[in-house]
Amino acid sequence: MRLIQSVFAPALALVIALASAPAMAEPLPKPTGPVLLTISGDIEITNTDEGTAAFDLAMLREIGQSEIETTTIWTEGRHRFTGVSLKALLERVGAKGKMLKATAINDYSVEIPTSDAVRNGPIVAYEMDGQTMSRREKGPLWVIYPYSSSSDYRSEVIYSRSIWQLDRISLE
Amino acid sequence: MTPAEGPPVRAKFDKARIGSGILLTLAAMCLMAIAFLALEITRELRYLSSANSDNVHWTLSQAEVEFLELQHAVDRSLHSDNSGLDRVVEEFDIFYSRMDTLARGQLYAPLRRDPAFIEPVTAVRTQLDAMIPIIDGPRDQLRDRLDDFARELHPLRLEVRDLATAGLKHFARSSDASRVSVSVTLLRLGIVTGVLLLALAILLFNYRRVMFQIARRGRELSDAYARLNTILETSLDGVIVAEMDGQILSFNPAAERMFGLEAPDVIGRGMGELILSDPERESDAAGMERARPNGPLHVIGQGRVKLEAKRANGDLFPLELAIERASTREGTLAVAFLRDISLRVAAENELVQARDRALAGEQAKSEFLAMMTHEIRTPLNGVLGNLSLLKGTQLGTAQARYVRNMEISGELLMQHVDAVLDVARFESGVETMRADVVHLGQLIQDIVDSQSSGAEAHGNSLQWGWVGAPLTWVRIDASRLQQVLLNLVGNAIKFTRNGRITIEAEANEAGAEMRLDLRVIDTGIGIALDDQARVFEDFQTVKSSQTRAIGGTGLGLSIARRFVQAMEGEIGLESTPGEGSVFWLQIPVEVAQAQDAPAPDATAAVPARATPALNVLLVEDDDINLEIARELLERMAHQVSCARDGQQAVDMAERTRYDLILMDIRMPVMDGLEATRRIRASEGASRDVPIIAFSANVLPEAKERFAAAGMSGFLGKPLKGAELSDLLAEFFASPSEAASAPSEAPPAVPRNPLEALAIRHSDELQQFFDWLDGVSVAAAEIAARAHKLAGSSAAFGQADLHAALIALENAAEGASDTQSLAPEIAHARMAWKAAPTPQLG
């Protein structure tokens, strides 16, 4: 799977690039609600003076919803997670670079290669079982991989990338 | 030529196939084991790689860190303004989230079963839940209660510490277990790998073994092929291998030599067109045509067949051929083995020709012998007939003696010729078996009766008897048995002096058939062992001082042997020289009933008697025979007309009615049979009178031919008065005359002139010795009479007497007076007393 991913990644990237060509030009509106996520670094589309892209919940919803139904090792039972796919999110901001650094509220941070951002890949979830998640419930944003769909997503590396209480992403 | 795969070879291959099958199965099992292990290992690795663990240690220690962060935020907030409160809430949420994960996360489910872990977690979470109203309440309230909050947090420090420690301990244990599990899996992997390697080693070993076997079989096969080739190359028989349509595939050197063809020239061509002659080729083409379907083949599989074959130069020669079918992987082939049998055929032909020549020679010899004896008989008949006529004329004493001597010698010669004729006739196959129903006892008694006088003459007693239950009526070739017994008894009498001759008869049941044993036992001189084997051969006489005087053709026993063998019997002898001999024979007989016997011939018993004077036509080409017969008939007061051939006879019979016609068979112009047929068929005067065949040919078949031609009876040559008068009586004597016949005197002429001679000889001997007893006898007279008697004694088989008389004659010739002759006379008298009954042959 890794191999397939590495082989197809450039092609996918191209497809993605072509597909998102009109979106790139679309400017990002200013957030109106509380900012949940700030994306910085090597991106093309920004909406702050600092040259970052700040998203409130509505803006995230606007990019498009993805759902993953899976179990996790941190919760009990099966849950339906709703959020924006990492792929769509990165495209929305015209992200470049191979690696992104995701940081949580408590400054815990992990590096996620942009190659992880594929269709049916990880999402930045804002709802669990149709309810937004509080900070105590690992919200408001939680990177969720479709663990149940493939054993490739049940490795320690993937678990370490499944950062919760996410609030910043930096592209490098 | 494809080397045939013998069944053993095939069996070996099957074995190898089974072996390699096993190996393949083993290999497949190995592969399965490898696959299974690969899956096992993958699963194991996946288990190891797919961490259901996250970084547990980090998480646990993070719980402590986050607790401390919360405490720190609270402490800082106590000493500053409201701004620090948000930080407290945030840290609370983070810690709460962590504790929630520990309490509910799947990852920690096994850990939660450990009370040392779950108790502090529950305690912390209870405390945190209790704090939520304050945290979620207004900030003022939070600020007011911040001291309490800090105080309440403080004891949680130990709880968090405990749960982290418990968690770490637990995961250390499970990590150990995991290591054990991995090492067990690896050990298992090692073992399976070892097994796999072992299997591979066995596989390799087997593979090498199979390779060696294949190599060896290859060598064997090539050796066998080489041997087969050598056999084919050096075979003396031609060997041709062909397709089923006759197309030649191989042609060995012997075949090349045989047909004068070179193998390369004939390969691929049709077998039939090359080697078979044209007529054979057609049938071969048909054979091959039939051979292709599954039906039976023309020549194939029929074993050896003889054909005519053709060489390259066109010569034809006989060929022995055997074709067999051989099934090979490429299809069915015909293998032909060919042998040039021209030499053998030539040898066979030569042998057949030689045999045919030998048989023809044998036949010619027999025929010649029969003819010669027949030719001898005719003039001899003339001599004897004329002698008998001469005897009836006025003769001087010396003349009468000469005539008697000539008659004796002539009869002897006739007997010998008859014996030779018997053998010759038998050998030429003219004689056939006849089966008559006879009374065995009567048959033997007749022989004893007829031979008793001869036996007495030699001082022998002759008797016979049954051993065990007697047989009465049997079906048998009576004349032959009679002949055999006569010969044996005659022989016994000849070689026995003053002894005993016994005939023993014995009936034996051998299975379904009845066998008759006859033994002629004598107390004679016996036969030496060395001579016993050859006495049954032709012309064999035993030479010894004792037998020198006893004559004979040496044919008697050989005729007996032939007849016994013809009757499917056996004959043999046992003998001790000086004590006697036993001649035995054994023949199969068929028991019959008395009524099967032919009715006794009424006329046979009627003695010869006078018949009325008859007008007789005598047909005979030979002058002497004609004279004898005419003389005889005229003496019997018959009137005789003569014809010299068949045509004359027919003409005369046409004109004149005769009372009787005597017809010779073999004549110039027209033979007797033809003449008879014509007379019978004509309207002539004598067409229905008795015609009597008059021939030296006395064979039964001949008599049948005579009867078929219309002849009424048969007379043998030489014509004998008694036989003639018997025959005439048969045809012309009236019953009244027959009734009166016995009252007449018995016929003056004995039936057998030899018997008369013998009687006369005995009388003369008697007279001679009576005369010697007389007073005055001249020596010269004694010599003359002794000489005369000596001659007849020799002729009558009285050897001792003959010698004694010769001695007397010699003595008498030189003697002055009769007194000096006394010893010789006495000796001769003794010899006379001891001499056997005079007998001819």
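The exercises below concern chains A and B of a predicted model.

**Exercise 1. Confidence in chain A**

Task: State what the average pLDDT of chain A is, and find which elements have the lowest and the highest mean pLDDT.

Solution. Then go through the elements. The lowest mean pLDDT, 43, belongs to helix 1 (residues 2-19) of chain A, and the highest, 93, to strand 9 (residues 142-144) of chain A. Next, look at the start of the chain. Residues 1-24 of chain A have a pLDDT below 50, and this stretch makes 11 contacts in the model beyond near neighbours in sequence. Where pLDDT is low, the predicted coordinates should not be read in detail.

**Exercise 2. Chain B as a whole**

Task: Describe the secondary structure, burial and contacts of chain B.

Solution. Count the elements: chain B has 27 helices and 17 strands. Turn to burial: of the 841 residues in chain B, 28% are buried. Finally, take the contacts in chain B between residues at least 6 apart in sequence; 66% of these join residues at least 24 apart.

**Exercise 3. The two faces of helix 18 of chain B**

Task: Determine which residues of helix 18 of chain B are buried and what they pack against.

Solution. First check the geometry. Helix 18 (residues 623-635) of chain B has 13 residues and spans 18 Å from its first C-alpha to its last, close to the 18 Å expected at 1.5 Å a residue. Second, list the buried residues of this helix: Asn625(B), Ile628(B), Ala629(B), Leu632(B) and Leu633(B). These lie on the same side of helix 18 of chain B because they cover an arc of only 125° around the axis. Third, identify their partners in chain B: helix 12 (342-391), strand 13 (615-619), strand 14 (639-643), strand 15 (660-664) and helix 22 (721-732). Last, just after the helix, Ala637(B) has a positive phi of about 75°.

**Exercise 4. The surroundings of Ala790(B)**

Task: Decide whether Ala790(B) is buried or exposed, and name the residues that Ala790(B) touches.

Solution. Locate the residue: Ala790(B) sits in helix 25 (residues 779-795) of chain B. Ala790(B) has 21 C-beta neighbours inside 10 Å and therefore counts as buried, the cut-off being 20 or more. Leaving out residues up to four places away in sequence, Ala790(B) touches His802(B), Leu805(B), Ile806(B) and Glu809(B). As for Leu808(B), 18 residues from Ala790(B) along the chain, the C-alpha atoms of the two are 9.6 Å apart.

Notes. Residues are numbered from 1 along each chain as its sequence is written. Chains are lettered from A and ligands numbered from 1 in the order in which they are written. This is a predicted model: local features need pLDDT of at least 70, side-chain atom pairs count only at pLDDT 80 or more; totals for chains, interfaces and linings use all residues. pLDDT is the predictor's confidence in each residue, from 0 to 100. Helices (H or I, at least four residues) and strands (E, at least two) are DSSP runs, numbered from the N terminus. Two residues are in contact if their C-beta atoms, placed from the backbone, lie within 7 Å. A residue is buried if 20 or more other C-beta atoms lie within 10 Å of its own, exposed if 12 or fewer, and partly exposed in between; C-beta atoms are placed from the backbone. The expected span of a helix is 1.5 Å times one less than its number of residues. The arc is that of the directions from the helix axis to the C-beta atoms.
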